[in-house]
Amino acid sequence: MPDMSTLPQLIEDDIQRLNEALKELITAADATAALIIDKGGFLITSQGNADDFDLTTIAALSSGAFMANQTIAGLVNEPNFNSIYQQGDTCSLFVVNIDEHCMLVVIFKSQTGVGVVKYFASPAVKRIACQLAIASEREPGQGLDLSVLNVADAGEFFRRKEEV
C-alpha cells in the first residue's frame, strides 16, 4: 500500500503535464497565475505572470489558511470545506483541494468573478489529480515528504537530468 503521507515522486513529464493544466486554466479563467502546492505549503510548480508575487510565501500562507479553514469546518460539524476565497480590491485568490497531498492556488484580478475561476478550476483539479495519481502508481510507496527537505541544500532531491 502506498505511503499516503508523502507527495508522489514527480518526473519531468509529470511537471510538464501539470504545467499544461495550469496554463490552460490561466487562459480559460483569465487568471494571473496558478500554483500547485503541497499541504505543507511547499510550491511544487506554477505558471503565469508571477513577477509581482512571492510565490514561496503565498504557497506557505495559502496552505496555512486552507488548513485553518479545515479546522473551522470541523468546529461547525462540516466534514469538509474544500476551498477558500480571498477577495481584494485589485487581486483575489482562490485555493481548492486537489487530493490528500496538494492544493491549487489561483491568483486573479478582482474584476474576474470567482464563479468563473471555480468553473474552470474544476476540470483543472481533476486533470492535476489524475496526473498525481499516475505518478503515485509509477512507484507505489515511494514519495517525498517535503517537510524534511533541507532548503539550504536541496541537491539531494533536485539533480540535473542525465543526458541519454
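Trainee: What is the mean pLDDT, then?

Mentor: The mean pLDDT of the protein is 84, with 80% of the residues reaching 70 or more. Over residues 143-159, however, the pLDDT is below 50, and in the model this stretch has 16 contacts beyond near neighbours in sequence. Where pLDDT is low, the predicted coordinates should not be read in detail.

Trainee: Okay, and how do the elements run from the N terminus on?

Mentor: The order is β-α-β-β-α-β-β-β-α-β, which comes to three helices and seven strands.

Trainee: How many residues does the protein have, and what percentage of them is buried?

Mentor: There are 164 residues in the protein, and 38% of them are buried. As for the surface, the protein exposes about 9,700 Å², of which carbon and sulfur atoms supply 52%.

Trainee: Switching to the helices: at what angle do H1 and H3 pack?

Mentor: Helix H1, residues 12-29, packs against helix H3, residues 114-138, at an angle of about 175°, and their axes are 9 Å apart. Because angles over 145 degrees count as roughly antiparallel, H1 is described as roughly antiparallel to H3.

Trainee: Which residues make that contact?

Mentor: On the H1 side they include Asp14, Arg17, Leu18, Ala21, Leu22 and Leu25, and on the H3 side they include Val117, Phe120, Ala121, Ala124, Ile128, Gln131 and Leu132. Taken by type, the residues of the contact of H1 with H3 divide into 14 nonpolar, one polar and six charged.

Trainee: You listed Leu18, so is that one buried or exposed?

Mentor: Leu18, which has its place in helix H1, has a relative accessible area of 1% and is therefore buried, the cut-off being under 20%. Leaving aside neighbours within four places in sequence, Leu18 is in contact with Leu10, Ile36, Thr45, Ile128, Gln131 and Leu132. For Thr45, 27 residues away along the chain, the C-alpha separation from Leu18 is 7.8 Å.

Trainee: What about Phe94, where does that lie?

Mentor: Phe94 lies in strand E5, residues 91-97, and at 4% relative accessibility Phe94 counts as buried. Not counting residues up to four places away in sequence, Phe94 touches Ser83, Ile84, Tyr85, Leu104, Val105, Val106, Phe108, Val114, Val117, Lys118 and Ala121. Of these, Ala121 is 27 residues from Phe94 in sequence and 9.3 Å from it in space, C-alpha to C-alpha, and Ala121 also takes part in the contact of H1 with H3.

Trainee: Now backbone angles: what is phi for Asp30 and for Asn77?

Mentor: Phi of Asp30 is near 50°, while Asn77 has a positive phi of about 60°, and neither residue is a glycine. Most residues other than glycine have a negative phi.

Trainee: Where do those two lie, and how accessible are they?

Mentor: Asp30 lies in the loop between H1 and strand E2, residues 33-38, and at 45% relative accessibility Asp30 counts as partly exposed. Asn77 lies in the loop between helix H2, residues 55-75, and strand E4, residues 83-86, and at 70% relative accessibility Asn77 counts as exposed.

Key
Residues numbered from 1 in each chain as written. Predicted model: local features only at pLDDT ≥ 70, side-chain atom pairs only at ≥ 80, totals over all residues. Heavy atoms only, no water. Axes fitted to C-alpha atoms, helices over the stretch in contact; angles between N-to-C directions. Helix = DSSP H or I, 4+ residues; strand = E, 2+ residues; numbered from the N terminus. Parallel < 35°, antiparallel > 145°, perpendicular 65-115°, else oblique. Contact = heavy atoms within 4.5 Å. Nonpolar A, V, L, I, M, F, W, Y, C, P; charged D, E, K, R; others polar. pLDDT = per-residue confidence, 0-100. Buried < 20%, exposed > 50% of the residue type's maximum accessible area, 1.4 Å probe, protein only. Areas by Shrake-Rupley, 256 points an atom, 1.4 Å probe, with all protein chains shown as cover.
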